[in-house]
Amino acid sequence: MKVLLVGGGGREHALAWAIRRSPELGELIAAPGSPGIGRLARQLPIGAGDIEGLVEAAVAERVDLVVAGPEAPLAAGLADRLAERGVPCFGPRQRPARLEASKAFANDFCNRHGIPTGRYQVVRGADAARAALRSGSLGSQVVVKASGLAGGKGVFLPDTLDEAEEQAIRLLEGSLGGAGATVVLEERLSGPELSVFAITDGTRILECGTAEDYKRRFEGGLGPNTGGMGCVSPGRGDAAFLRDVHARVIAPAVAGMRAEGTPYRGVLYAGLMLTDEGPKVLEFNVRFGDPEAQALLPRLATDLLPVFFGAATGQLGGAPIDFAPDHSVTVILAAREYPGPCPSGAPIRGLPDAVETDGPAFVFHAGTRAGAAGIEAAGGRVIAVTGLGPDRAAARGAAYSAADRIQWEGKAFRTDIGAPSEGDP
């Protein structure tokens, strides 16, 4: 099977590694890829946002399957355009991709199909935002979200209603461009968070693991929200609990999409808050998480490539997706300034030549580039290091041991990922 993988971040590096392990793979191509992915795949200089370029490349290369890593090309209609040319895509079409591309749509969808979520209001102007916040219907603390895609930077947790009003108005006035033209105001739910993954062909559903992400920039859950500073897998919850999540969240979402004439094919990622009233949906994503993929995929005991192909073609089999009993801990090595503007160009020392290292640990490139002196830092989140072990403590030790060997000027990371005293993620 010939596969085109779209994207070039840490998630895509983990996907490339997982796909390369499949005995059914003939050739792996990546667009645009990264220095790490380049060791696993032939790369094409086509950006993940170049929909027509990706479609033409898939046709010219006669690929059997396109695997979409990031959400933006799916929201822009990549799977639709590929379908027009007869190329299967692992990832939903544009209309079902609204589950992530529009938080307003996702909240309304949950209401229509009885999927538990918090109270919310959708606003499109400053006066509406003020009225919603002052009405008291959302409580004294709210979450402010840009409805559109914001690269993991569109969720804000202000401490007061005055701060919430200021943040909502900043979004409405364009602080995140078009992503904030519509704002969702939600009640602040409390409890631990859990990410639950499933793969579906629009009818059949296979559970695909759990993880817990550390969103805040600094130790102890302090600082601004980020795209994710670390992750552990599996997340909390026994088999009975996960069956309940499937019945209350995953299955109704897949059935609701099908009932609305927009069958969902790909991976469905439910971000949940485990409240005293039970699990409630914080968000849906239409792709694997980042860094959740880097924590989840090294634990795999199942060949994912035929699963991806079955989902993309509406022929998903019934065999479960199995994971090794190991625990994983993923630590993000970031630029000191992240999530603010970050410098690029610092040479990285101590990078292994392969994904798998001693430990056991796995090193995935998240934001790197090839420079004159070798591989350089080129982004906010630069490297994801995953440790495996029979328990979380062993996995944590493997991750931090490998992370310590990787150095560049300005490197920063959280020291409490997977710590036994965690009150966060």
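The side chains of Glu-376 and Arg-369 meet in a salt bridge, 2.8 Å from N to O; the term stands for a side-chain nitrogen of Lys or Arg within 4 Å of a carboxyl oxygen of Asp or Glu. Glu-376 counts as buried at 11% relative accessibility, whereas Arg-369 is partly exposed at 37%. Here buried means under 20% relative accessible area, exposed over 50%, and partly exposed in between (1.4 Å probe, protein chains only). Salt bridges with shared partners also join Asp-127, Arg-130, Arg-134, Asp-162 and Glu-165 into one network.

This is a predicted model, where local features need pLDDT of at least 70, side-chain atom pairs count only at pLDDT 80 or more, and totals for chains, interfaces and linings use all residues. Residues are numbered from 1 along each chain as its sequence is written, and side-chain values use heavy atoms, leaving out hydrogens and water.

In total, the structure holds 26 salt bridges. Here are two more of them:

| Pair | N to O distance |
|---|---|
| Arg-81 and Glu-52 | 2.6 Å |
| Arg-248 and Asp-244 | 3.6 Å |

Arg-81 in helix H4 (residues 78-84) and Glu-52 in helix H2 (residues 51-60) lie 29 residues apart, so this pair links distant parts of the chain. Arg-248 and Asp-244 are separated by about one helical turn because they are four residues apart in helix H9 (residues 239-259). Helices (H or I, at least four residues) and strands (E, at least two) are DSSP runs, numbered from the N terminus.

Now to helix H7 (residues 126-134): its buried residues are Ala-129, Ala-132 and Leu-133. Just after H7, Gly-136 takes a positive phi of about 85°.
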